[in-house]
Structures are given as structure tokens and as C-alpha cells.
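I am opening my notebook beside this structure, and I will jot down what I look up as I go. Come along and check each entry for yourself.

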Amino acid sequence: MRELPTLRPGGQIVRFAAVGGVNTVTFYACYLPLHHLLPYFAAYTAAFAASLAGAFFLHTYVTYRTRPTWTKFLLFPLTQVTNYSVQSAGLVALVGWCGLDTAVAPLVAALCALPFTYLVSRRILRPPARTGPAAARPGPSAQAGPPPARSGEAA
């Protein structure tokens, strides 16, 4: 299967931030109505879970310009575990220690989590190319050892 075109990593960071912005708006659009019905942390958790699948497809197609696979889909929640952990700690600290309003604190916490989430998502959705002997898989024309001697030549 042909891979989608890629750009340099700096472009990926810009696309990651843009997709993150779209995903944050989606998350926030879920969070605000739930915030009126549930305690803030329960609303935050439900909104976070709701935006997970959208984030996977946006980051796969837009940020890293690669194809989604079941393996990537199954590993992608690890990026969100990182994101959730950093954002949750930030949310609790911002609300509990800094007294930040519960309607604004998730946005600030999301900004703080960006570098951590980028590194983990890049590793999962765009793993580094293999190098060395393990990466060199012999094709049908490749043979181990020296080429065979032609007739009439000394071996």
C-alpha cells in the first residue's frame, strides 16, 4: 500500500498543533454542556473519551500523513493516556492550587500537555524507519553469499 506524502518534522509539529486545536474545540464543545450536568472532573473525563476516535483519524491523516492500521489504532490510546495524565495533573493543580476557574482550566492544561503528547503520538503513528540488518529483508532476487560462478570461470 502506498504511503501518503510526508513533510519535514517541523511541518508535523505545526499540523499536530492545528489538529490539536480542532480536537480541543471538539472536546470543549462536549465538556461545556456536560460541565452543567456533572462534576467538572466527570465532565472532563466524558468529553475526553468522546474526542478520542476523532483525534486518531485526524492525526493519522493530517498530522503524520500515514494510513491508519489496527495496530496504530490499538496503540493510539497510549498517546491519550499520556495526554490524559498530564492534563489531569495540570487540571487538578490549576483548579486546586492556583484557583483557576473550572471552565478555563482544561484549556490551559491542554496547552501544557502538547509537547508530551506530540512525542508519544509521533512514535506510535509514525515510527522511525528501521535500519541495519533487521530492516534489510532479502527480496526474491537477493541471495546470501557471493554470486554463483558462470560456466567456464574458476570458482
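**Entry 1: Ser 88**

I began with Ser 88, which lies in helix H5. A reminder to myself: this is a predicted model.

Is Ser 88 buried or exposed? I found a relative accessibility of 9% for Ser 88, and buried means under 20%, so Ser 88 counts as buried.

Next I looked up what Ser 88 touches. Leaving aside its neighbours within four places in sequence, Ser 88 is in contact with Phe 41 and Tyr 44.

I then turned to Thr 45, which sits in helix H2. Thr 45 and Ser 88 are 43 residues apart along the chain, and I noted 9.1 Å between their C-alpha atoms. Thr 45 has a relative accessibility of 31%, so it counts as partly exposed.

**Entry 2: the whole chain**

I stepped back to see the overall layout. How many helices and strands does the chain have? I counted six helices and zero strands. Reading along the sequence, I wrote the pattern down as α-α-α-α-α-α.

The chain has 155 residues, and 28% of them count as buried. I also looked at contacts between residues with a separation of 6 or more: 69% of these join residues 24 or more positions apart.

**Entry 3: the nonpolar cores**

My next stop was the largest nonpolar core, which has 13 residues. Which residues have the most contacts inside this core? My list reads Phe 27, Tyr 28, Tyr 31, Tyr 44, Leu 91 and Ala 105. Tyr 44 was already in my notes as a contact of Ser 88.

I checked which elements build this core, and H1, helix H2 (40-50), H5 and H6 each give two or more residues. The largest share, four residues, comes from H2. Both domains take part: this core draws at least three residues from each of domain 1 (11-65) and domain 2 (72-125).

There is a second, separate core of eight residues, and I noted Phe 16, Ala 55, Phe 56 and Tyr 118 among its members.

I looked up Leu 34, which is found in helix H1. Which residues does Leu 34 touch, not counting those up to four places away in sequence? I found Ala 43, Ala 46 and Ala 47. Leu 34 and Ala 47 are 13 residues apart along the chain, and their C-alpha atoms are separated by 7.8 Å. With a relative accessible area of 24%, Leu 34 is partly exposed.

Val 22 is found in helix H1 too. Its relative accessible area is 48%, so Val 22 is partly exposed.

**Entry 4: the largest pocket**

I found about 330 Å³ in the largest pocket. Of the 20 residues that line this pocket, the closest to its centre are Gly 20, Thr 24, Asn 83, Gln 87 and Ala 110.

Which element supplies the largest share of the lining? I wrote down H1, with seven residues. At least two lining residues come from each of helix H1 (9-37), helix H3 (52-63), helix H5 (77-97) and helix H6 (105-125). Domain 1 (11-65) and domain 2 (72-125) each provide at least three residues of the lining.

I sorted the lining by type and got 10 nonpolar, 10 polar and no charged residues.

Arg 65 has a positive phi of about 50°, although it is not a glycine. As for accessibility, Arg 65 counts as partly exposed at 27%.

Conventions: Residues are numbered from 1 along each chain as its sequence is written. This is a predicted model: local features need pLDDT of at least 70, side-chain atom pairs count only at pLDDT 80 or more; totals for chains, interfaces and linings use all residues. Side-chain values use heavy atoms; hydrogens and water are left out. On a 1 Å grid over the protein atoms alone, a cavity is a set of points where a 1.4 Å probe fits but cannot get out, and a pocket is an open set with protein on both sides within 12 Å along at least five of seven lines; lining residues have an atom within 4 Å of a point. Grid points are joined across faces, edges and corners, and a volume is the space filled by probe spheres set on the points. Ala, Val, Leu, Ile, Met, Phe, Trp, Tyr, Cys and Pro count as nonpolar, Asp, Glu, Lys and Arg as charged, and the others, Gly among them, as polar. Domain bounds come from an automatic or database domain assignment. A nonpolar core is a set of buried Ala, Val, Leu, Ile, Met, Phe, Trp, Tyr and Cys residues joined through side-chain atoms within 4.5 Å. Buried means under 20% relative accessible area, exposed over 50%, partly exposed in between (1.4 Å probe, protein chains only). Contact means heavy atoms within 4.5 Å.
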